[in-house]
Amino acid sequence: MQLGDLSLNASEASYRRNASNERLHLRLGYGSSIGGGLGFDYARILDDRWAWGLNAAVGPEQVDVVVNGLYSLAKPWYLGVSAGYLRRADTYPFYSGPDKATVDQGSWRVNLQREFEGGGVLTDAGVQLYGAQAHAPGNNEKVMLQETATELVFMVDPRRIAPGRLSGMGLSVGLQATADTRLKLGIGRETVRYPYQDGTGFRDARTSASADLQQRLGGCWRLDAGVSTGVAGERYRVALARGPWSVGLGRQIGRDSTPDQTQLTFGVNLPLGGRVARACGGAATMPARGVDRLDEVFRRPVQLPTTVLARVDPTARPYALATINKSALNGGQVSATPDALLIQLPGGPALAVFALSVNGAPVGPNATGLNGERLVSVMPDGRVRIEVRAFPNPGAGVSQTVEAVVVQASQVSVVTFNVVGQ
């Protein structure tokens, strides 16, 4: 439902304002269209040379910001530059089970356009260079426990996400077959690469294509439709309007772990202040011929991905942190972090590490390892912490015996374990 510049539908409320040199679209989402957050699109023509715009969407699991600029060169040339930042949380299928991770991504586009005058079918043409770079999140490891009849095996899933790097080039043309038809076509080539930790990677190269149609139909009807495909996914949209009524359908199909989205909207324009709507209202109006400077900086560039380029690294497989013989626990309880074993000794909390030796040679109770952490220490809650990753690797097939003498309130316990090289 639309009341003047304010409109309401099933997923969002929005406010639009259009002028000859300025355009604004503000959205408040309470459905899935922008993740239940805020959306903001703004464009302004500054002078005869410069125009700029901003596209932003902020939701519980996504931040998407794009800044657009357009500079009018010697007529009939135009130079456009866009820069974007996307931060998004998605669910990824890790070895230890599906879980969410947040990925940051930067993107850019340079667009050189030429306008054609004279009333022919060709109205404008352009060439675009663009790219995007995702950044893998920080340490996201998770401990997995595998238990057999005799052993406890603590495994660490690295849960590494391979960040994608996109590069692309495209050509576009604007066509005006009739006074009632506007068509913009684009074609190009995109490549995205995902580096894996073992030095290999995954490469996906595709032909990108886009088409946008604006058609004024008979009886005050107007059709708007668009489609775009590339390595980052596919987007489809179609909208039909007549007088105060409109209906639209949008579909986004993502790649890798990105979920698909579908949106269906209905609208009706109710004039305020007793004004009587014209027979066609604004539904059948068409944009100006050639390069529309305001529209160029108002629309989010179709070449910039709306999803992050990220996938689970299949070469980052779980590895064993420690293997424990159940019979050696003697009533103790063991848990683990991705870096250490935590042991709750029988007989009460530990107070201090009295002595520590490796292969029978004393190294001192406060000995530190490769990462600067103490090899064996007592935590504030009385558990003994064994810093597994701090021990030097003795070499494949080599085993070192470590003994720690731990003082408790009423007894002294000896914790013995082997460090096995790989």
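1. A salt bridge is here a side-chain nitrogen of Lys or Arg within 4 Å of a carboxyl oxygen of Asp or Glu, and by this rule the count comes to 24 salt bridges. One of them joins Arg159 to Asp99, with the closest N and O atoms 2.8 Å apart. Since Arg159 lies in the loop between S12 and strand S13 (161-163) and Asp99 in strand S9, the pair ties together parts that are 60 residues apart in sequence. Arg159 is buried, with a relative accessible area of 9%, whereas Asp99 is partly exposed at 29%; buried means under 20% relative accessible area, exposed over 50%, and partly exposed in between (1.4 Å probe, protein chains only).

2. The model is predicted, and local features need pLDDT of at least 70, side-chain atom pairs count only at pLDDT 80 or more, and totals for chains, interfaces and linings use all residues. Residues are numbered from 1 along each chain as its sequence is written, and side-chain values use heavy atoms, with hydrogens and water left out.

3. The protein chain holds 1 helix and 30 strands, where helices (H or I, at least four residues) and strands (E, at least two) are DSSP runs numbered from the N terminus. Of its 422 residues, 40% count as buried. Among contacts (heavy atoms within 4.5 Å) between residues at least 6 apart in sequence, 53% join residues at least 24 apart.

4. The largest nonpolar core has 27 residues, and Val376, Val415 and Phe417 have the most contacts inside it; such a core is a set of buried Ala, Val, Leu, Ile, Met, Phe, Trp, Tyr and Cys residues joined through side-chain atoms within 4.5 Å. The elements that give two or more residues to this core include strand S12 (151-157), strand S29 (399-408) and strand S30 (412-420), while the largest share, 4 residues, comes from S25. Leaving aside neighbours within four places in sequence, Val376 is in contact with Val353, Leu356, Pro365, Val384, Arg385, Ala404 and Phe417. Apart from this core lies another, of 10 residues, among them Leu86, Tyr92, Ala134 and Ile161.

5. Gln128, in strand S10 (residues 122-135), is buried, with a relative accessible area of 4%. The side chain of Gln128 makes a polar contact of 3.1 Å with that of Asn111 and another of 2.9 Å with that of Ser172. A polar contact is a pair of N or O atoms within 3.5 Å; within protein, one must be able to donate a hydrogen and the other to accept it, and residues adjacent in sequence count only if both atoms are side-chain atoms.

6. Two further salt bridges may be looked at together. Arg216 pairs with Asp180, the closest N and O atoms being 2.6 Å apart, and this pair links distant parts of the chain, with Arg216 in strand S16 (residues 201-216) and Asp180 in the loop between S14 and strand S15 (181-195), 36 residues apart. Arg383 forms a salt bridge with Asp381, with 2.8 Å between the closest N and O atoms; Arg383 is partly exposed, with a relative accessible area of 21%, and Asp381 is also partly exposed, at 40%.

7. Pro362 is placed in strand S26 (residues 361-362) and counts as exposed, at 72% relative accessibility. Not counting residues up to four places away in sequence, Pro362 touches Leu356 and Ser357. The C-alpha atoms of Pro362 and Glu403 are separated by 9.2 Å, although these residues are 41 residues apart along the chain.
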